[in-house]
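Dear colleague,

Please read the notes with the model open beside you.

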Amino acid sequence: MANKADNYFAIIPHWVLFSEISPQAIRLYCVLRTYADNRTMESWPSRTTLAKDLKVDVKTVDRAIKELVELGALDVEK
């Protein structure tokens, strides 16, 4: 039986995929894209949810978010 997550995919721009960021940041970008609204490209999962999805701690998610923001691949609204 197929996992529900098997029905989702993420398109990763080359400039993100081949940038000088960590593998964790690239994985986070992929996960965020699976949460993103197709029209607005906005996603609002919690840091805890992202950490569970990636099987890492929240501090690792925070570091990856920082990398993506510095790269210009992610905007964060609080």
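**The cavity and its lining**

The largest cavity is lined by Gln 24, Arg 27, Leu 54, Val 56, Thr 60, Val 61 and Ala 64; please keep in mind throughout that this is a predicted model. The structure holds one cavity of 30 Å³ or more, and the volume of the largest cavity is about 30 Å³. Helices α2 (23-35) and α4 (58-71) each contribute at least two residues to the lining, with α4 giving the largest share, namely three residues. Sorted by class, the lining consists of four nonpolar, two polar and one charged residues.

**Salt bridges**

The count of salt bridges comes to two. In one of them, the side chains of Asp 62 and Arg 47 meet at 2.6 Å, N to O; since Asp 62 lies in helix α4 and Arg 47 in helix α3 (residues 47-54), this pair ties together parts that are 15 residues apart in sequence. Asp 62 is partly exposed, at a relative accessible area of 30%, and Arg 47 is likewise partly exposed, at 42%.

Glu 70 and Lys 66 also form a salt bridge, with their closest N and O atoms 3.9 Å apart. Both residues lie in helix α4, four residues apart, or about one turn of the helix, and both Glu 70 and Lys 66 are exposed.

Best regards

Definitions and conventions:
Residues numbered from 1 in each chain as written. Predicted model: local features only at pLDDT ≥ 70, side-chain atom pairs only at ≥ 80, totals over all residues. Heavy atoms only, no water. 1 Å grid on protein atoms, 1.4 Å probe; cavity = no way out; pocket = protein on both sides within 12 Å on 5 of 7 lines; lining within 4 Å. Points joined across faces, edges and corners; volume = space filled by probe spheres on them. Nonpolar A, V, L, I, M, F, W, Y, C, P; charged D, E, K, R; others polar. Salt bridge = Lys/Arg side-chain N within 4 Å of Asp/Glu carboxyl O. Buried < 20%, exposed > 50% of the residue type's maximum accessible area, 1.4 Å probe, protein only.
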